[in-house]
Amino acid sequence: MQKAFVDVLKERYGSPHKLNELWGLTYWGQLVDNWDEFPARDGILNPGYKLEWDRFQRSIVTDFLAWQAKLLREYIPSTQFITHDFAGVNTKVDQWAIGRNLDIAATNIYFTAQDKLDGMEIALGGDLFRSVKNAPYLVTETNAQTIGWDSRAQYPPYDGQFRLIAFAHAASGASLVEYWHWHSLHYGQETYWRGVLGQDLEQNRAYREVATIGADLKRIGPDIANLKKDVKVAILFSTDSNDAISYMPFSDHVNYMSLLRQMYGAAYAAKVEVDFVTPATEDLSRYKVLLVPPLYSASDAVLQRISKFVENGGHAIVAFKSGFTNEYSTVRWVRSPGPLREAAGFSYQEFSNLAYAVPLKPDRYGLGAKSQASTWAEFLVPERAETLLSYDHPFFGKYPALTRNRFGKGTLTYEGTVLTPELQQAVVREVLQLAGLSGPDQQLPLAVQVRHGVNRAGHGVHFYLNYSPAAQTLVYPYVAGSERLKEQPVSQGAKLVLEPWGVAIVEELR
Amino acid sequence: MQKAFVDVLKERYGSPHKLNELWGLTYWGQLVDNWDEFPARDGILNPGYKLEWDRFQRSIVTDFLAWQAKLLREYIPSTQFITHDFAGVNTKVDQWAIGRNLDIAATNIYFTAQDKLDGMEIALGGDLFRSVKNAPYLVTETNAQTIGWDSRAQYPPYDGQFRLIAFAHAASGASLVEYWHWHSLHYGQETYWRGVLGQDLEQNRAYREVATIGADLKRIGPDIANLKKDVKVAILFSTDSNDAISYMPFSDHVNYMSLLRQMYGAAYAAKVEVDFVTPATEDLSRYKVLLVPPLYSASDAVLQRISKFVENGGHAIVAFKSGFTNEYSTVRWVRSPGPLREAAGFSYQEFSNLAYAVPLKPDRYGLGAKSQASTWAEFLVPERAETLLSYDHPFFGKYPALTRNRFGKGTLTYEGTVLTPELQQAVVREVLQLAGLSGPDQQLPLAVQVRHGVNRAGHGVHFYLNYSPAAQTLVYPYVAGSERLKEQPVSQGAKLVLEPWGVAIVEELR
Amino acid sequence: MQKAFVDVLKERYGSPHKLNELWGLTYWGQLVDNWDEFPARDGILNPGYKLEWDRFQRSIVTDFLAWQAKLLREYIPSTQFITHDFAGVNTKVDQWAIGRNLDIAATNIYFTAQDKLDGMEIALGGDLFRSVKNAPYLVTETNAQTIGWDSRAQYPPYDGQFRLIAFAHAASGASLVEYWHWHSLHYGQETYWRGVLGQDLEQNRAYREVATIGADLKRIGPDIANLKKDVKVAILFSTDSNDAISYMPFSDHVNYMSLLRQMYGAAYAAKVEVDFVTPATEDLSRYKVLLVPPLYSASDAVLQRISKFVENGGHAIVAFKSGFTNEYSTVRWVRSPGPLREAAGFSYQEFSNLAYAVPLKPDRYGLGAKSQASTWAEFLVPERAETLLSYDHPFFGKYPALTRNRFGKGTLTYEGTVLTPELQQAVVREVLQLAGLSGPDQQLPLAVQVRHGVNRAGHGVHFYLNYSPAAQTLVYPYVAGSERLKEQPVSQGAKLVLEPWGVAIVEELR
């Protein structure tokens, strides 16, 4: 394996001297004169080396699966397809590269049911794996009764939640929902990863509710599956940035993925569907809003692409640390944020951790004490950007915490610090409005989520999902249609009542 | 050793195919076709394998000690006896099996003195090791000045506590109290495991108080030792259940032993002496009340024995998870609680962890906020059982938390959840009353414990132990006798005053 | 290495039987009959062995550096000097022994800037390394912008703090302040150990402030460096006691070094400069006050030297556990505190951890709830000592917590427990007064520190350092002179105003 890594490096960089130059391997006496001396992984402190190693790890998985797929293609008939179960969201594989070898993407989506069920993991997992091939995907595993390799976190869904979960998967674009597993094991490590049936193999509460889902899908499945979606918001998923930050973490509590989830969650709270894009995604022109979690490691080209997106009329929200290091995890030789400087409208030379939460001023979003910064503060020096929020602090007060810069036909909103979730939501809502993406979906009750698509008949399909134990009422704003679970007509402007943990699916009929 | 384990399995199960069937070894690709392929311990996830391995570990210790005892018996004169220092309560050895090779059981009883001294560890350790041979036992080590392999928890007993401790051992049935050790070491790891004397080898506070104990024992020792006891309450100690739960824990805080201690502690708070019995104890007919901590792994025969105990007029308190798996740690193929279903009067198919404490209703025991469930909730469906307490919760509310079923001449009280200590005490007190075991002992001041026995003269002996820094007064309710520490007569109905951390021992004289 | 350790032991102890006698190696079956059987380090529980091993570790470092220095001396011209960068305060090397091979001591002093900057680490590190050769020292590394191997604790100094830090080093006696490092690295593990310049290599806030320091030093450096100091308070630094306590810790939170820092910090709060002395320091006669953190392991000779210091008119403050073990980490065969008994005026046989904080009485220092004991309580029995504070507790109340004994011409104040920082400060202030060491420095505003010296011109030099974000005013009490940073005359009794985080340096002119 180590040999192969060296071979990859030879091919990519030509000579060890190039690595010395890019990564500074000479630090800690690791000067490399020829490839035979190239150091093994253990104990290497160099962030450049670590990043290339992690990329190499990902490439091994991609290559292996590509080879497997190639073997299969020699034998399978055209009625069969190739998929791979990605087993959830993670940063250790390159889903897009692997996806190019598959016919359909598949994943497992697990979460905590009962009171904590808010659909966020279902939406996030669904949006990510739909984005991998920009197409419907399979949910090859999801919660049946309970999950866990012990009995510490057994949370069987409440009544109604089984249905809510299944149709939430469909709403994100899943064309299969498969439980792990049919009946619970009597022995072995997954005794408590319980299936639809328990160990007694008798009918039970889960079975009875799942049976109603099956009956519904038999009736309306083809009308609500394989939906086409027209998503206007994208989030940039950079495994390199996740990895490079992990070598130099800025917090014990906050990290790349928690900030990606915070940004995604703000869009989710705003009832907006999101596509996932990667630094390799060249064409961003179909999106109006781009969310950028800390893009700590990125090439000039990727940063220029974001600038161009803004210049052409896009609206970007960019988190702190973006642009700080290049694609070798090496700090740039110029002021931060490097190639983003012009689009961002500021530069900075310094930054600080925040030893305590610092209030922000003015109270632009009416959040009171929740308008707060924490963890990190870049000492932004505006060059053309507008200051939206500043630190209420004797020293940090001279630096903006949140800026916005008009650049070309779009805007770049920059977060120089860690926002509270409430503040992140306010910023995302504001930018959605700037981008003209606000509408009736944003007026829905807090607990109600909505997802849209167009079915094979060309009809709009609207999923309303009630993530609460209380009934919810909403005004249906779209073209008149039929609520397909109860098969009842719904006119535009009609009241739609969702039961506790309930679902409604309206298919437009024009 | 591994070889020997395979040999034990060969003998017990005949063929590896039997193990595949019982434990599901095929899971994780561990199909075993012949004994040579039998997997080694490391990394095996299978709970059935783990349980058999832990039993095997215990058997090694038993066999070794039996062999040692056999060697000794060839040489020792009849005036000598064989004992073994069990070094405290633990689940790693089979005390009863080892005990059959000994003349007398012995143990070390250590605890925290000063304000936390409540006698519970002394009583629990004493009751367990008295039960091993159903006979008096030796305390081969107990706290002198302080204990510890460092100086982080040095808590020398307060004035009076040395006496209280010594007579508390005697009250449980100890016929020896030996300190570890005489004088404190000057060097080595146990410098701070301090003896009666300190390192200065001079007389000190501990020495002076221990000297009074010696004088008392010289005078009255034979009258208060080797007591016969008639205990009516038993607690079932299942190391298999402890082990099997530990492979699939239901909590980070609560486990088999903490629940056993909670049940034992409830009986202790009710001033009731308890015998320990094991799943191998065939005759339970001498007991009126049986406490059953989570009997997670048990054969049909053991569960039927508990049912029979109830049917014959016994009163059992059984904790959740009892009966869930069989003696192979394999979940039963029938509804829980399996063979206990008829005696318990309910069945269940589902269960949940509780993410937060849930109040119970109605307030049957007048405990207010302390009438609370936590950690675990089985979805009990009563078939004949009476519901005593239910969850005050929108979803869990439809299932009982505490049930009682009349079965034959007795009752089975079942706890489907983790109770607060206060609630456990209320349940135990109620069942003691049902069983006709309430009397004057239950009227004693909170801090006063009492233990009873009959001495070689056939006289009742009553120990009163004051676990508090305040003097306590009680009414002596038994046959008139003599308080032997002060050698003063005590008539029935007389007031008895205990000094702070004080002791009184009344020997009946009839 | 192990071989060499045995050789050291052979030389020092002659025979293994001597070690058996001193350390009790026989405990745990480690009887050693000849040197070949001498046990290896791993798994040895014996505190005597551990202590000798740690001393041996230190001696290896000393020997190596002595050899290096010897090699250098053969080659360097007389214009050059030999130093060693001690890289901060630690207990793993013998700074004094190494120092004898150096021309100048050098160290790195790192700390947390921003709100937590109080100068204590600068003062402590400076006082220790000045004491190593009783001469000026070099600060070879100190905070520039930020420190850290990740970005979790990036705290660039506030405006003005760069200057405050640099002159604080000078005030303690540093003759060099060197930043680590000039510009920040672009790659490698120390990317976030940022220099004066950032990675953009442009001028920045740090550069501009550091440039003013350079200009000041160019002008007045020779007048404020190489100061002579006349320090009257010493603190005893015993690495043996640190080590021996670490084998038998009395707390998870408090240890030898935390108590040394508490005592040093009390002197620092009293604005008193402190020399560090070691158990090997023979002449203590230049000091009036000696602070003794827990001197857990010490030979009779060292304890007698402290007694003699007191007898001759010195004032010692001695912490609990002092004298408990001898130089072999073996508990003495006599009552504690062994050879200190006469000077201390009490003895004790027992001690206890404190499970909770215990108030002290009477409120001698007007500290209210901050007059509190914790962690440890020795059962002191006064023989001639005066009781200053006792425990407000039903059991511990009979023992003093703080005693003072007049012995010869001096006093020994003994702390039998862990004091709060506020109480420690009160005790130190009281003893400073007893020793006649109170004066105008003790009247300074809370946030202002002062340090003194005499320069090569024979002029007194007084540094005033404002560790606060507020301006501070003080009355200058010494001989009239010139404030050298602003080059303004200062008369005796004049008001001196320090800016936020500001500095004033007055050179007396007579």
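Is Arg484(A) buried or exposed? Arg484(A) is buried, with a relative accessible area of 11% (buried means under 20% relative accessible area, exposed over 50%, partly exposed in between, with a 1.4 Å probe and protein chains only).

## What you're looking at

This is a predicted model, where local features need pLDDT of at least 70, side-chain atom pairs count only at pLDDT 80 or more, and totals for chains, interfaces and linings use all residues. Residues are numbered from 1 along each chain as its sequence is written, chains are lettered from A and ligands numbered from 1 in the order in which they are written, and side-chain values use heavy atoms, leaving out hydrogens and water.

## Charged pairs

Side chains of opposite charge can pair when their charged atoms come close. Searching the whole structure turns up 104 salt bridges over all chains (a side-chain nitrogen of Lys or Arg within 4 Å of a carboxyl oxygen of Asp or Glu).

## Inside one chain

Arg484(A) has a salt-bridge partner in Asp223(A), with the closest N and O atoms 2.8 Å apart. Arg484(A) sits in a loop between β20 and β21, and Asp223(A) in helix α7, so the pair ties together parts 261 residues apart in sequence. (Helices, H or I with at least four residues, and strands, E with at least two, are DSSP runs numbered from the N terminus.) Both residues belong to a salt-bridge network that also includes Arg163(A) and Glu507(A).

## Between two chains

Now look at Glu350(A) and Arg205(C): their side chains form a salt bridge at 2.9 Å, N to O. Glu350(A) lies in a loop of chain A and Arg205(C) in helix α7 of chain C, so this pair joins two chains. Both Glu350(A) and Arg205(C) are buried.
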